[in-house]
Amino acid sequence: MLFKLTLLLLINFSVQAVILEDYLPKDTRYDTSIPTPKAVTGMEVGQRHYRHDQIVQYLSILASSSSRARLMDYGMTNEGRRLVLLFISSDKNMEKLPELATDENILRVWNGFSVHGNEASGANASILYAYHLVAGHSQKIDEILNETLIIIDPTINPDGYDRFVTDVNSMRGIIDNTDKNDSSHKEQSPNGRTNHYWFDLNRDWLLLSQIESRARIKQFHQWQPHVLDDHHEMGSDKTFFFQPGVPERTNPLIPQKNIELTNKLGKFHAQTLSEKGMSFYTKESYDDFYPGKGSTYPDLHGSVGILFEQASAKGGSLKTVEGMRTLIEGIDNQLRTAISTLTGAYELKSELLNYKRSFFQKAISNANKQNFGGYVLDFENDSIKAQKMADYLSLHNIKASMLSKDQTINKHTYKAHSSLYIPLSQPQYTLITSLFSTETSFKDNTFYDVSSWNIGMAWGISYAKVKSDPELEDINWKEINNHYAKNAIAYAFNWDDGNAAAALNFLQQRDIATKVISKSFSIKTNGKTIVFRPGAIIIPTQNQDEAKILSAIANISEFFQVSSYALSTGLNSVGIDLGSPAITSLTKPKVLLLIGKDINSYQAGSIWHLFDTEVGLPLSKINKQQLKAIDLHDYSHLILPSGSYKALSEKVEEKIVAWIKQGGQLITLQKSAQWAEKKIQKLIKEAATKTDVSAQQIETKTYAEFELDLAKNTIGGAIIAANADLTHPLSYGMHQKKQYALIKGNTLLTPSLNWYTTPLRADKSALAAGYMSTEKLKEFNNASLIIAEKMGQGTVIKFGFNPTFRGFWLGTQRWLINAVYFSSLIKKTKIN
């Protein structure tokens, strides 16, 4: 009986079984001395999802088995996983691999797999593709390898990929369960789509906030591929998609020749999929607009980016309304289209090489036709941001210099030695144009992603067009000076100096007492007047270890570029004295961050990333179940990212309210802010009111109008201008009254009737860049973007946007940092 049962299991399992030869082209002979994937991993491709380490192990052995291939490490993930590229070409070409990066006669094809970790068929197909090219022998393969360098990025997002693989493999049995409700098709939350910090790496090619992207972009610019494909998965009830996407939603900076080449390559994809009877589609659903995606960024660099989307089989085999979806089929389709990309590129080699060569020449020619020479950026009050900008531009191969002489434009003076200049006349003109775009009118108003990413607005810096190149010098940074004094009664540094938040955290983690000022004072030192503005940090020496303080000051100077000044007297001739009630002791914050099911993991991740990597403050990440049992009084702050909070019980809501009354600081964003308005409104007299809509007001529209109306009512990502109250504690350390927020989603805060509680409000004519329908713009004009209200002894802070969007919106990040460090300074301001 046991024998029969075992046999039955094997028979059932074999229905989905596959052998290597089932995948590979029939017209190719394979070198038997080259190890197969199964010989190394013990599993056939598609039997289960390979782990990242198994993929890297196989590629390493493959490369060591043939002179056709070389494996190169190009970085490391946050969780310590290797980022690798596999280079494949003819034996002769591989002997001079570094030279191939600039060889104008060599075609370079880059194949990228599984940037979204839970879209795993691509990563599993990558080793098949590598085996085919390294072990395969045919006239066509030999011809291609003689003239082509293939670059394979097998798992672009190893941390997310392994999170997914661990989830699904641990829930798969001998026999696959095709029921969509089976745990093998379910993931933890946050899921494997994103990287360690829950960032979508397929939105980060342009923004470069993540270490994986920063490492990869260096390789992209070094090797400058002519074609780059990007292998994804989509909904399980779909078929297979390849570009071109929706024609009307193509970025206007992408040349027509690129579109023509994309269409020509599409014929090769169509042929290989048609040969197996696979359904597919093009020119729908996906666009080619936002250059932060792997299939669009290359298009602004003279390369041709190609997006592939395969129907997902999730855990391995999944029954859908459109039929069965299997990992094996997905791997086969990904392999086929990787090969068709290579084959098509080879057939179009002459056109691709000429296109790449002329792209940058035309870019410089177009730059020289403009009526201005470049952009100047003001970093007078933020040297850290200036260094980040210089590094960011360098990663994108954008040339920049520093002003050597002051320049005044539109009544704004850009100071020498602290302002950067980006000339237009350089090969990266196209990308520069994209980074500074302020377009608000588009051919098609439906966007797959954000519609604007203006870097000046995102980073919160003043910038201007310059008519002609100004006087310049190489980029260099001023030295940070500390001013020590014997018997100093305190030391002080400004909140806008260097990375002051990280410096404060450094001090607090070492239990060094700190205070903050809410009114200014000034001192004179070495013949200079130093003004300490609201938000400046005071380090009193009384009852503290002076040696410990001096050591800490030296460290914050070196690591966080903060200049500290010795205060020799408590009596100041200008401004407040050191015993003023405008100076408040600070306590070390202990912060909870709610994550998990129904919480926006992108937003939660951006908050975690900000405090972890920029401030060094650990956030305690908890889920809703933990929130029920946890003692909130052990924590100073609770951050609720946008999401659904319907599952929170009334008991938990009352618990949060009681904690706020007793001094807790609640920080809410977008949908959680709306939840706070509804659930905590018994403590807010200015409660929201809604106007009922009568039946007579309801109109009827045709079904065909739905997509147009959906576009009008969806804000995929637009930039709005806003005015900041620079006297508010949440704005300490800021200098720009005019600020810019990225609005994604339709969340609107209910305005507060308290005059003093809205430190950031949208302009009356708010749209600054990107698309927002006329109807939606009316709602956001003059809208409250941040509301901070005292409630009992605590505070409720509501954000109508994500101030640290994708880790790129440096211009508004300080609002969130200040909400953690200075929320206790907010006073009750209601005037009865």
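This is a predicted model: local features need pLDDT of at least 70, side-chain atom pairs count only at pLDDT 80 or more; totals for chains, interfaces and linings use all residues.
Val109 first. On strand 7, the residue opposite Val109 is Val227.

Strand 6 covers residues 148–153, and six bridges pair it with strand 4 in the parallel sense. Strand 7 covers residues 227–234. Strand 7 also runs parallel to strand 4, joined by five bridges.

Now the side chains. In a regular strand, they alternate between the two faces of the sheet. Here is how strand 4 divides. Leu107, Val109, Asn111 and Phe113 point one way. Arg108, Trp110 and Gly112 point the other way. Is this set buried or exposed? All are buried, on either side of strand 4. Buried here means under 20% relative accessible area.

Next topic, the largest pocket. Its volume is about 890 Å³. The lining has 32 residues. Which of them are closest to the centre? Lys478, Asp497, Lys528, Ser563 and Tyr565.

Which elements give two or more residues to this lining? Helix 13, residues 383–395, and strand 22, residues 528–532. Strand 22 gives the most, with four residues.

Last, the make-up of the pocket lining. Sixteen is the polar count, written 16 on the slide: 16 polar, eight nonpolar and eight charged residues.

Technical notes: Residues are numbered from 1 along each chain as its sequence is written. Side-chain values use heavy atoms; hydrogens and water are left out. On a 1 Å grid over the protein atoms alone, a cavity is a set of points where a 1.4 Å probe fits but cannot get out, and a pocket is an open set with protein on both sides within 12 Å along at least five of seven lines; lining residues have an atom within 4 Å of a point. Grid points are joined across faces, edges and corners, and a volume is the space filled by probe spheres set on the points. Ala, Val, Leu, Ile, Met, Phe, Trp, Tyr, Cys and Pro count as nonpolar, Asp, Glu, Lys and Arg as charged, and the others, Gly among them, as polar. Buried means under 20% relative accessible area, exposed over 50%, partly exposed in between (1.4 Å probe, protein chains only). Two strands pair if DSSP finds at least two bridges between them.
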